[in-house]
Amino acid sequence: MAEESDLEKTEPASPRRLEKAHEEGQIVRSRELNTFALLAVGVAGLWIGGPDLYRNLSEVMRAGLWFDQSLGRDTSMMLAVASRSALQTAVALAPLFGVLILAALLSSVALGGFLFSAKPLEPKFERLNPAKGIQRMFSSQTLIELVKTLAKAVVVGSVGAMVIWHYRDQMIMLMHSTPRAALAQGMSLVALCCALIVGSLFLIVMIDVPWQLWSHYKKLKMSREEVRQENKESEGDPHVKGRIRQQQRAMAKRRMMSEVPKADVVVTNPTHFAVALKYQEGGGGAPRVVAKGSDLLAARIRELAAQHGVPLLGAPPLARALYHNVELGREIPVELYTAVAEVLAWVYQLRSWNAGQGAEPSRPSHLPVPQELDPRDLDRMSTSTL
């Protein structure tokens, strides 16, 4: 059951899946929206610019039907007149065609956005498989498209029939009108019929657009296994990432251990913790923790310090406070200035004594470490409170 649930496409498409589908040309498209936009813009353009279009085309037709005997003898004049008529026709139709082209472009990118991809043009030989073709013919998507086509036919036919029936008397009266009046009245009836048909198609668009959105995102749904695989590909294999982190820790450890011979002193617990301090005179800053570790790593720090002659000082409270409260490479807090200053003073006196100057200094004891910085003191305080 768990394997079946992992294979079921129940998860919404991830941003990466949506981007990949967009690159492959799988975007939301609604042919009903395109059809509605073109018809609406076309009817509106004819309604608004119809008089100007009628006047310009009438002039072109009148000029074309005018007979001139000179045209029959001069072919160059015939070509000039034909070119002029074609140019006038193109100029008259250009606004309408321009608006239709703009409507076609905007309606195409309204849902899925702009896309320029050559992948849909790549040859896919599986499309030539007759079995898959028959399967597509009897698929649910084909059935839905058939229902939409029948619905459009019923809606458009019903609207057209109602308009004809309602204006049947006016249409009959057109036979008794003058040609100009009949043409004007007939065009008005045709425009009204087209406007009502476009309005009826808007209902189909309101149904088709949500359906296309739902169908598109349903098709791109992912199973839980696909989500896990995608996360693994995007974020990297956990095993590989673990090895990378392990190598990074090893490199950081090697860098840290290389700083131990350069330290001024190593403060120890004396067995559980070891913290190496370095103070740069004239640097204007406080002493820094250049290395720290516990248990085996602390033993390795003490071993390196002994090999390179770095002084070791057993001060458990100070070692615990430095280990738990100071990050590697950071300066010590203000609360530990006094204790570390005593330690560094002992280190400088020890260097002078090793150089044959002065007496051997005594190891500092009872270093002032605030209780709130020592984890052991905090544990004692919490236990006594309970």
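Author: Let us begin at the end of a helix, where α12 is followed by Gly309, a residue whose phi is positive, near 75°. Helices here (H or I, at least four residues) and strands (E, at least two) are DSSP runs, numbered from the N terminus. This is a predicted model, in which local features need pLDDT of at least 70 and side-chain atom pairs count only at pLDDT 80 or more, while totals for chains, interfaces and linings use all residues. Residues are numbered from 1 along each chain as its sequence is written, and side-chain values use heavy atoms, with hydrogens and water left out.

Reader: Which residues of α12 are buried?

Author: An α-helix has 3.6 residues a turn, so residues three or four places apart point the same way. With buried meaning under 20% relative accessible area, exposed over 50% and partly exposed in between (1.4 Å probe, protein chains only), the buried residues of α12 are Ala298, Ile301, Arg302, Leu304 and Ala305. They cover an arc of only 165° around the axis, taken from the directions from the helix axis to the C-beta atoms, which puts them on the same side of α12. On the other side of α12, Leu296, Ala306 and Gln307 are exposed.

Reader: How do the axes of helix α3 and helix α9 cross?

Author: Axes are lines fitted to C-alpha atoms, for helices over the stretch in contact, and angles run from 0 to 180 degrees between N-to-C directions. The axes of α3 (residues 31-65) and α9 (residues 179-219) come within 8 Å and cross at roughly 160°. Angles under 35 degrees count as roughly parallel, over 145 as roughly antiparallel, 65 to 115 as roughly perpendicular and the rest as oblique, and α3 and α9 are therefore roughly antiparallel to each other. Their crossing is left-handed, a term for a near helix turned anticlockwise from the far one by less than a right angle, whereas clockwise is right-handed. The residues of the contact of α3 with α9 divide into 18 nonpolar, no polar and 4 charged, where Ala, Val, Leu, Ile, Met, Phe, Trp, Tyr, Cys and Pro count as nonpolar, Asp, Glu, Lys and Arg as charged, and the others, Gly among them, as polar.

Reader: Is the crossing of α7 with α9 left-handed or right-handed?

Author: Helix α7 (residues 140-166) has an axis that comes within 8 Å of that of α9, crossing at roughly 160°, and that makes α7 roughly antiparallel to α9. The crossing is right-handed. Lys152, placed in α7, is partly exposed at 23% relative accessible area, and its C-alpha atom is 7.5 Å from that of Ile204, 52 residues away in sequence.
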